[in-house]
Amino acid sequence: MPSKSEEELKFDVIVVGAGPAGTTAAYVLAKAGINVVIFERGKYPGSKNVMGGILYRKPTEDIIPGFWKEAPLERNIIEQKLWILSKDSAVNVGYRSASFDKEPYNCFTVMRAHFDKWFADKAVEQGALLINETVVESLIKENGKVIGVKTGREEGDVYTDVVIIADGVNSLLAKEAGFHPEIPPEKVALAVKDTIFLPKEKIEERFNITHNQGVTIELIGQITQGMAGGGFIYTNKESISVGLACLCSDFMKTGITPYDLINQMESHPVIKPLIEGGEIKEYSAHLIPEGGYDAIPSLYGDGYLIAGDAAMLVNPVHREGSNYATASGMSAANTVIRAKERNDFSAKGLSHYKTLLEESFIMKDLKKYRRVSRFSIENSHMFSLYPEFINQAAHEMITVDGVPKKEKQKKIWKLLKRKRSLTNLIKDAFNIWRSFK
Ligand SMILES: Cc1cc2nc3c(=O)[nH]c(=O)nc-3n(C[C@H](O)[C@H](O)[C@H](O)COP(=O)(O)OP(=O)(O)OC[C@H]3O[C@@H](n4cnc5c(N)ncnc54)[C@H](O)[C@@H]3O)c2cc1C
């Protein structure tokens, strides 16, 4: 039976992980005068963290208004594009707006090693205690209730009223709390990313931007070689983040290695000119939870709450994860503040967390896309057949060769019917509508 006699090792709240979820929770709690400690396994927050990475203004601004004036951000995103790729071509859609070039902005590229450290320092300024280089190894329980954590340090047991588990996608603690046994490979994507350095002027010339303006390009089609997933190209100040993510189950099925896939993607004739001459200084890999709404069991219990990636709160359709982490960290903190007023840290006392999440954009969006995970697994042809067809159709219509446009239209329709029967086309259209409506 664990003992709680060492009172000096008791905090009101223990937060595990100084990513956006954990740091947000610690910031909000410390600001409310609550005695909170964050344990982070990295040398400093962000030192081990991987993201594309687009940081959205909204949830962070709710915590630190006007944060963009002092946070270490890379570029302010003014244009977002989608490239649908075939073997040697791309159909582009995008949106660029001068209004995104002004305060309060929409989103930014960030380097997590810089941003997470800055953000955690802000939580420390509010009064949170940050302990780096400390792995939380397990939860301490008494009569089924979480009452503390075991850290990897000598005499490292620390006690608390409530633990906020924010240790990311591969959360050992969430597993231990019974949240999930092992994430099935079809509910998690493996992402790889190269950070390619280029002079600032070259980046601005290639992406048609100036000063701190930035561009994002999402990629789907041939680059994933039929696997469910996609790629991205994001501009930083003096580097470009290039990466892709596909379901782990597809990597296992096909035997394709992420390393080969990203190399091939970078040699695609449409992508290569953007990164040519650049130097790859970082290669990283990370998991992304993509199970969606139906893969999320209870996010709280006696003495604990789970937030961010550890709780599988990610929206892969809109590549949003950091904002879900921040918003869920805030909801976790507000739940704890309420529980403290009532002195009730039981599962019932912490169930308010579920209400806050259900009322927020987090669960509303995840519910909207609850069928997407299954759709991606069952319809991998969407990632190859249609991108190829869209490019062929565009090529046909754009090529000026004396053939009347009506005939071209007929040729395109025939081509589509050769690729997919009418019944299957109707089925696909229905499935798309049902999954994304
Ligand atoms: C390649 C890639 C691209 C992405 N692109 C985007 C994007 O463009 N925009 C976006 O919004 N989201 C993106 N995401 C998702 C986003 O990164 C995550 O949703 C977000 O980081 C989740 O935040 P978190 O705080 O829950 O977890 P993390 O950011 O993973 O933080 C968890 C923290 O816990 C620490 N930790 C883990 N275990 C322990 C332990 N036992 N003890 C102590 N500390 C521990 C870790 O070191 C880490 O600091 C991307 C993800 C990947 C992999």
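At what angle do α1 and α9 pack, and how far apart are their axes? The points below take up that question and then move to the other features of this model, which is a predicted one.

1. The packing of α1 on α9. These two helices pack at an angle of about 35°, and their axes are 7 Å apart. The crossing in which α1 passes α9 is right-handed. From α1 the contact takes in Pro 20, Ala 21, Gly 22, Thr 24, Ala 25, Val 28 and Leu 29, while the residues they meet in α9 include Ser 322, Ala 325, Thr 326, Gly 329 and Val 336. Sorted by class, the contact of α1 with α9 has 10 nonpolar and seven polar residues, with no charged residues.

2. The packing of α1 on α3. Helix α1, which covers residues 20–31, also packs with helix α3, which covers residues 112–126, at an angle of about 20° and with the axes 8 Å apart. Because angles under 35 degrees count as roughly parallel, α1 is described as roughly parallel to α3. The crossing of α1 and α3 is left-handed. Here Thr 23, Ala 26, Tyr 27, Ala 30 and Lys 31 of α1 meet residues of α3, among them Asp 116, Phe 119, Lys 122 and Gln 126. By class, the contact of α1 with α3 consists of six nonpolar, two polar and three charged residues.

3. The packing of α9 on α11. Helix α9 packs with helix α11, made of residues 352–359, at an angle of about 145°, and the two axes are 9 Å apart. As α9 passes α11, the crossing is right-handed. On the α9 side the residues are Ser 328, Ser 331, Ala 332, Asn 334, Thr 335 and Arg 338, and in α11 they meet His 352, Tyr 353, Leu 356 and Leu 357. The contact of α9 with α11 divides by class into four nonpolar residues, five polar and one charged.

4. The domains. The domain assignment gives domain 1 as 7–74 + 110–180 + 297–359, domain 2 as 185–289 and domain 3 as 373–436. A reader looking at the whole chain may note that the C-alpha centres of domain 1 and domain 3 lie 44 Å apart.

5. Backbone points to check. Most residues other than glycine have a negative phi, and most peptide bonds are trans. In this model, however, a cis peptide bond joins Gly 52 and Gly 53, with omega about 5°, and Gly 53 is placed in the loop between β2 and β3. A further cis peptide bond runs from Glu 103 to Pro 104, where omega is near 10°, and Pro 104 is found in the loop between β5 and β6. Met 312, a residue other than glycine, has a positive phi near 65°, and Met 312 is found in the loop between β17 and α9.

Notes:
Residues are numbered from 1 along each chain as its sequence is written. This is a predicted model: local features need pLDDT of at least 70, side-chain atom pairs count only at pLDDT 80 or more; totals for chains, interfaces and linings use all residues. Axes are lines fitted to C-alpha atoms, for helices over the stretch in contact, and angles run from 0 to 180 degrees between N-to-C directions. Helices (H or I, at least four residues) and strands (E, at least two) are DSSP runs, numbered from the N terminus. Angles under 35 degrees count as roughly parallel, over 145 as roughly antiparallel, 65 to 115 as roughly perpendicular and the rest as oblique. A crossing is left-handed if the near helix is turned anticlockwise from the far one by less than a right angle, and right-handed if clockwise. Two residues are in contact if their C-beta atoms, placed from the backbone, lie within 7 Å. Ala, Val, Leu, Ile, Met, Phe, Trp, Tyr, Cys and Pro count as nonpolar, Asp, Glu, Lys and Arg as charged, and the others, Gly among them, as polar. Domain bounds come from an automatic or database domain assignment.
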